[in-house]
Amino acid sequence: MAASSTCFHSNPNFPKSPFPNKTPQSFNGYGLSSALILKFPPKFVRQLSNKARRNCGNIGVAQVVAASWANYPSSDETPFSSAAASAVDGAAVVIPEAEENAVSVAGGDGDGEVVVDGVQSQISPVNGGLDAVFGSDASLLVHAGERYGRGIETDSITTPVVKTSAYWFKNCDELIDFKEGRHESFEYGRYGNPTTQMLEKKMSALERAETTLFVSSGMYASCAVLSALVPAGGHIVTTTDCYRRTRMFIENELPKKGIKATVIHPADMDSLERALDENKVSLFFTESPTNPFLRCIDVKLVSELCHKKGALVCIDSTFASPVNQKPLTLGADLVVHSATKFIAGHNDVIAGCISGPEEFVSKVRQYHHIIGGVLDPNAAYMISRGMKTLHLRVQYQNSIALRMAQFLEEHPKILRVYYPGLPSHPEYHIAKQQMTGFGGVVSFELAGGLAETKKFIDSLKIPYLAPSFGGCESIVDPPAILSYWDSVSERNKYGIGENLIRFSFGLEDFEDLKVDILQGLEAM
């Protein structure tokens, strides 16, 4: 975090405090620290010296520890102490030299203590001390990687899009310093970008991860993990219900490296233990919730079983989003996302990411630097912008999906509903333990076959008939047609009926969606 600045101001145009009768100590009752954080108005910033302006611009805010509120007629109404107010008489602005390490982490291994102006609190070191500043995902989504930790020196509120294919060195000595680890540079566009780096820091803070790698797609993220972390001749365990393209990579590409796979039912822990006992398993890889039946893996139990046998655990948490589920906090070693879905959230960008300890992500990064699959910086910016409303979007989609799942479960033309938030779901008890919300996707089976499915979908007016999910617009997906039309045998093997619907709820009004679905069901 950038150094804090101590600012004194007696300008009568300075805005009044939103808490006119509160002393610094009384702000704790509002969930605020005694060192109040305030934004500076533009007129005030213009009065600063160039050096002070750069300091304030770099941090975006300053910790105001003393101020004179000239609009208050008496010292009793001044939000700070009278001693602080008298200290600024006759001086418009005083900016002392910035103190280094205003936020520092003390301690060694494990959770450390963050020290902010002498106040200590426990934090997670992988969050870079942000827990001391932000107490919720909502604030992290807006500020992490930007207001705190941005590698670009700018007073812009938003992070600029850095469009370059390479990075230059001033001279050969600087280049040699870079090669020998004394100078930092991305060197080449395939190895990193400041805009993408900002996005990676934001995701790391959200997932409580040490580091994150953003790549060109969610499928690339999964393939990179499997390729980089499973040795030739190795063994993995995965589940029956999963994204078909991931299964195809496991079945068709990994065997070329001599890698074998054991496929288990999502809830079959006995088969998992047997696979771990009988094979030298390198990695357990699955989704939770899964696609398209939204089965939930007991991440804590799976992690315990796998770690006893030296196997890593990677969870594709795309259907949950980081707002609803954080697999790393449950014991998983890695978490991957198709950022195309809820994370970007606007159906306008394709990307993927891998989060976890540097020990494992660095191996994926090395593979990535060789193979490619680079995220365009424009896409990184769009994802970051989308993430700032992620918590609002997901919370609304959670609500819409749960209400709709409950409604559909009671409808006579619906045979079965698959949604982790329903007591009828086979892993409802697991979902309640490890998720804070159940997601915006509901799968259900219609009472009928292909003809009824086509009538239902073709009658809908609001959702788009398309692949993908998690965006602002609702999307309806018949997996038997969209994903498995070319393979009847796979449909039968994995239970993908012609009457199965995967419905991703967007940000439309619940009643509008309900009316549309009702008229679609009536048209069957």
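1. Helices (H or I, at least four residues) and strands (E, at least two) are taken here as DSSP runs, numbered from the N terminus. On that basis His337 falls within strand E13, which spans residues 334-338.

2. The model is a predicted one, in which local features need pLDDT of at least 70 and side-chain atom pairs count only at pLDDT 80 or more, whereas totals for chains, interfaces and linings use all residues. Residues are numbered from 1 along each chain as its sequence is written, and side-chain values use heavy atoms, with hydrogens and water left out.

3. His337 has a relative accessible area of 1% and is therefore buried (buried means under 20% relative accessible area, exposed over 50%, and partly exposed in between, with a 1.4 Å probe and protein chains only). Not counting residues up to four places away in sequence, the residues that His337 touches include Glu207, Gly218, Asp316, Ser317, Thr318 and Cys353, contact meaning heavy atoms within 4.5 Å.

4. The whole structure contains 17 salt bridges, each defined as a side-chain nitrogen of Lys or Arg within 4 Å of a carboxyl oxygen of Asp or Glu. One of them pairs Arg182 with Asp177, with the closest N and O atoms 2.7 Å apart; Arg182 is exposed at a relative accessible area of 52%, while Asp177 is partly exposed at 26%.

5. A salt bridge also links Glu304 to Lys300, where the closest N and O atoms are 2.8 Å apart. These two residues lie 4 residues apart in helix H10 (residues 299-308), and so are separated by about one helical turn. Glu304 is partly exposed at 37% relative accessibility, and Lys300 is partly exposed at 48%.

6. In the salt bridge between Arg365 and Glu358 the closest N and O atoms are 3.4 Å apart; Arg365 counts as buried at 17% relative accessibility, whereas Glu358, at 31%, counts as partly exposed.

7. Leaving aside neighbours within four places in sequence, Phe456 is in contact with residues including Phe444, Leu446, Ile501 and Met524.
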